Amino acid sequence: MELADDGKNICIFDVDDATLSNLPYYEVHHYGAEAVNSTALNEWFMVGKLPALNETLEFYNNLLKLEKIKLIILTGRRDDMEDVVKANLQEAGETSYSGSTFEFKEEERRKLVEEDGYRIIGNMGDQWSDIQGIHLGNRTFKLSNPLYYTAQAEGTDQNLYFDF
Ligand SMILES: [Mg+2]
């Protein structure tokens, strides 16, 4: 793939169960068989000790070596978790992301493309809602997640993806 060297290529990484793993939380909550306890889950998030998903970390590091793609973290986490997430990513090895946003994902992609002029080269996540809607990217990567499903955001009814 030929990439322009103008600083406008980005690859978007989702956080939960795409870049960092919540498996340690689910190990003590019967692997998703319990109803979600949002208080307990948020407490787990705030500890900031989620391990990296090694395959994603390898992908992340390979993209870094290309030096032509900025790596963007895009998560649906609450705004007040931003510092914890950033510290957790650093600790897990994702040390060179170019930015992080904690906004509604489709709207954030729209801003990145239409307002900031970025080209989304890649876009990855574990939920269909990560890779649905507008400005999906040249390639999308849907990771499997057998533990839970997050419904797509309202207004996103497309279902375009390349899955491998
Ligand atoms: Mg996720």
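## A well-covered strand

Let's start with strand S2: 4 of its 5 residues are buried, so to speak mostly covered. Buried means that 20 or more other C-beta atoms lie within 10 Å of a residue's own; exposed means 12 or fewer, partly exposed is in between, and the C-beta atoms are placed from the backbone. This is a predicted model, where local features need pLDDT of at least 70 and side-chain atom pairs count only at pLDDT 80 or more, while totals for chains, interfaces and linings use all residues. Residues are numbered from 1 along each chain as its sequence is written.

S2 runs parallel to S1, and 4 bridges join them. (Strands pair if DSSP finds at least two bridges between them.) Across this pairing, Phe13 stands opposite Ile73 in S2.

## The overall layout

The protein has 5 helices and 5 strands. Both are DSSP runs numbered from the N terminus: helices are H or I with at least four residues, strands are E with at least two. Along the sequence the pattern reads β-α-α-α-β-α-β-α-β-β. Of the 164 residues, 29% are buried.

## The nonpolar core

In soluble globular proteins, nonpolar side chains tend to be buried together. A nonpolar core here is a set of buried Ala, Val, Leu, Ile, Met, Phe, Trp, Tyr and Cys residues joined through C-beta atoms within 7 Å. The largest one has 22 residues, and Ile10, Cys11, Ile12, Phe13, Ile72, Ile73 and Ile120 touch the most other members. S1 (9–13), S2 (70–74), H4 and S4 (119–125) each supply at least two residues of this core.

What does Phe13 touch, leaving aside residues up to four places away in sequence? Its partners are Ala18, Thr19, Tyr60, Leu71, Ile72, Ile73 and Met124. Touching, or contact, means C-beta atoms, placed from the backbone, within 7 Å.

Helix H4 covers residues 82–92, and its buried residues are Val85, Asn88, Leu89 and Ala92. Seen down the axis of H4, these fall within an arc of 100°, so they line one face of the helix. (The arc is that of the directions from the helix axis to the C-beta atoms.) On the other side, Asp83 and Ala87 are exposed. Just after H4, Gly93 takes a positive phi of about 110°.

Most residues other than glycine have a negative phi. Asp17, in the loop between S1 and helix H1 (23–27), has a positive phi of about 60°. Asp17 counts as buried, with 22 C-beta neighbours inside 10 Å.

His135 sits in the loop between S4 and strand S5 (139–142), with a positive phi of about 50°. Buried or partly exposed? His135 is partly exposed, because 18 other C-beta atoms lie within 10 Å.

Key. Two residues are in contact if their C-beta atoms, placed from the backbone, lie within 7 Å.
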